[in-house]
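Here are some notes to read with the model open in your viewer. Have a look at it first, then work through the points in any order you like.

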Amino acid sequence: MKLSARIAAPVAALVLAGLTATACAPQTSDTSAKGDEKSGTLRVWLFQEVGNKPKEKVVDTAVAAFEKSHKGTKVEVEYIPVDTRAQRVKAAFNDPKSAPDLIEYGNSDTAGYVKDGGLADVSEEFGAWEEAKDTDPIAKQSVTVGDKVYGAPFFVGVRALYYRTDVFEDLGIEPPKSQAELISTAKKIHKAKPDLYGLAVGGAYTYGAMPFIWSHGGEIAGESGGTYKSAINSEKARKGIEAYTSLFGDDNCPAAKCASMGGNATLTAFASGKAAMVIGGDFSHSAVEAGSVKGKYAVVPLPGIAPNSIAPAFAGGNNIGVLKSSSHRTLAVDLMKSLTGKKTQAEMFDAMGFLPTYTDVLDNAAKKQPFVAPFVQTLGAGAKFVPASPAWGQIDASLVLPTMFQEIVSGRKDVAQASDDAAKKMDAAFTDAG
């Protein structure tokens with residue numbers, strides 16, 4: 001099964017631009033390791049998920065097999081919070097002595113991390129790796145800058161709409177087929193069941209808000225001649241902002257509780273039975289299964305503006321790469337293969353619901369589990385990315401968009417003023433980035 005061809009162009013644009021979509025370290029001096037030790041301790045940083053235990057179990061299995069086949073080698077895995085990864089990675093790039101040997105990172109980080117001198121070129125090893133020949137071309141693009149490979153794809157991620165089947169059945173309602181229905185359904189549920197958020201939303205949930213902006217025809221920024229300019233205050237973008245922020249209030253998700261929530265917090269609300277709907281990823285499946293709503297939910301694509309349409313989603317996913325500063329390059333590459341190989345990806349799908357990046361493993365996953373279908377549909381309908389500018393790291397780290405949403409839902413600013421102010425901050429960052 002191929003990932004949607006429609007996301008190939010933006011992925012390629014992101015990769016070829018050689019830029020990053022999250023905060024990274026400034027350009028550092030040469031941090032290349034001076035040796036290649038064949039034993040010792042390897043340190044790995046992986047992202048901590050909501051409901052992290054299943055992920056840990058799969059990783060522990062892969063690590064145990066690796067240590068067994070690599071005598072004299074020990075692996076230490078640390079799970080770091082996603083929200084503070086930018087600071088951790090920046091510190092690692094600037095202080096090789098305390099840096100790990102491998103890191104997990106968002107697929108839109110690749111080019112920026114390469115530009116900052118953090119990731120090792122593993123083109124030769126990846127090219128000779130038999131399993132890599134089945135990597136989906138789009139997934140491979142996410143670890144490619146120019147004609148060089150800087151890691152291995154770990155999983156691909158996209159978001160859709162989780163909803164409580166028991167609540168919908170009790171109220172005699174159907175899953176929403178348009179964005180207007182989504183909003184009205186959320187408010188209808190909260191009115192009937194005041195103890196539930198109709199749709200759990202978060203003022204700090206940028207990737208949950210973006211589909212609303214994109215479905216109205218808005219963009220985060222526009223590019224012309226290599227120069228970026230914010231488009232967050234365009235009329236179309238403002239319509240999407242209005243739609244998303246209309247979900248904050250006493251008729252759905254009170255601003256006092258929901259304005260500060262990020263994606264993980266909204267998912268926790270749903271999994272614990274406090275919300276009837278949530279915008280969650282395929283990677284959120286295990287956390288929901290581990291919650292009190294197990295057996296009482298289903299997933300459909302997040303609806304767009306037109307009835308029966310699908311809102312554009314952010315096409316995400318993670319990779320695992322070897323740091324250039326690692327003094328265990330050969331071992332680190334072998335461990336990268338163990339952590340991202342077919343066996344581990346298949347087990348990670350079973351444990352976490354992470355969509356595999358190998359075409360054959362993804363085919364098997366889709367046949368095995370019906371919950372995969374809405375996410376594959378969402379990818380097939382077309383997905384989008386954040387601006388492929390080095391400024392995005394600063395914009396993201398500075399919480400420009402969350403601040404905008406929070407100013408609106410708190411009543412401090414209206415949509416026009418808040419989006420204008422956000423646009424000014426974004427443009428300043430774009431200018432500084434050159």
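Predicted model: local features only at pLDDT ≥ 70, side-chain atom pairs only at ≥ 80, totals over all residues.

1. Start with the pair H2 (residues 53-69) and H14 (residues 329-340). Their axes come within 9 Å and cross at roughly 140 degrees. The cut-off for roughly antiparallel is over 145 degrees, so H2 and H14 end up as oblique to each other. The crossing is right-handed.

2. Who does the touching in that pair? On the H2 side it's Val59, Ala62 and Phe66, and on the H14 side Leu331, Asp334, Leu335, Ser338 and Leu339. Sorted by class, the H2 contact with H14 comes to 6 nonpolar residues, 1 polar and 1 charged.

3. Now for H15 (residues 342-352) and H16 (residues 359-368), whose axes come within 10 Å and cross at roughly 25 degrees. Angles under 35 degrees count as roughly parallel, so that is the label for H15 and H16. H15 passes H16 in a right-handed crossing.

4. The H15 and H16 contact brings Lys342, Ala346, Phe349 and Asp350 of H15 up against Asp360, Val361, Ala365 and Lys368 of H16. By class you get 4 nonpolar and 4 charged residues, with no polar ones.

5. On to the cores. The largest nonpolar core has 84 residues, and the members that touch the most others are Leu199, Ile220, Ile232, Met277, Leu401, Met404 and Met426. Helix H20 (residues 415-433) gives the most to this core, with 7 residues. There's also a second, separate core of 51 residues, and Phe47, Phe155, Ala332 and Val333 are among its members.

6. Setting aside neighbours within four places in sequence, methionine 426 is in contact with Ile220, Ser230, Ile232, Trp392, Ile395, Val400 and Leu401.

7. Is isoleucine 279 buried or exposed? This residue of strand E10 (residues 277-281) has a relative accessible area of 4%. Buried means under 20%, so isoleucine 279 is buried.

8. What surrounds isoleucine 279, leaving aside neighbours within four places in sequence? The contacts are Arg159, Ala160, Leu199, Tyr205, Gly208, Phe212 and Leu302. As for proline 54, 225 residues apart from isoleucine 279 along the chain, the two C-alpha atoms are separated by 21 Å.

How values were computed: Residues numbered from 1 in each chain as written. Heavy atoms only, no water. Axes fitted to C-alpha atoms, helices over the stretch in contact; angles between N-to-C directions. Helix = DSSP H or I, 4+ residues; strand = E, 2+ residues; numbered from the N terminus. Parallel < 35°, antiparallel > 145°, perpendicular 65-115°, else oblique. Left-handed = near helix turned anticlockwise from the far one by under 90°. Contact = heavy atoms within 4.5 Å. Nonpolar A, V, L, I, M, F, W, Y, C, P; charged D, E, K, R; others polar. Buried < 20%, exposed > 50% of the residue type's maximum accessible area, 1.4 Å probe, protein only. Core = buried A, V, L, I, M, F, W, Y, C linked by side-chain atoms within 4.5 Å.
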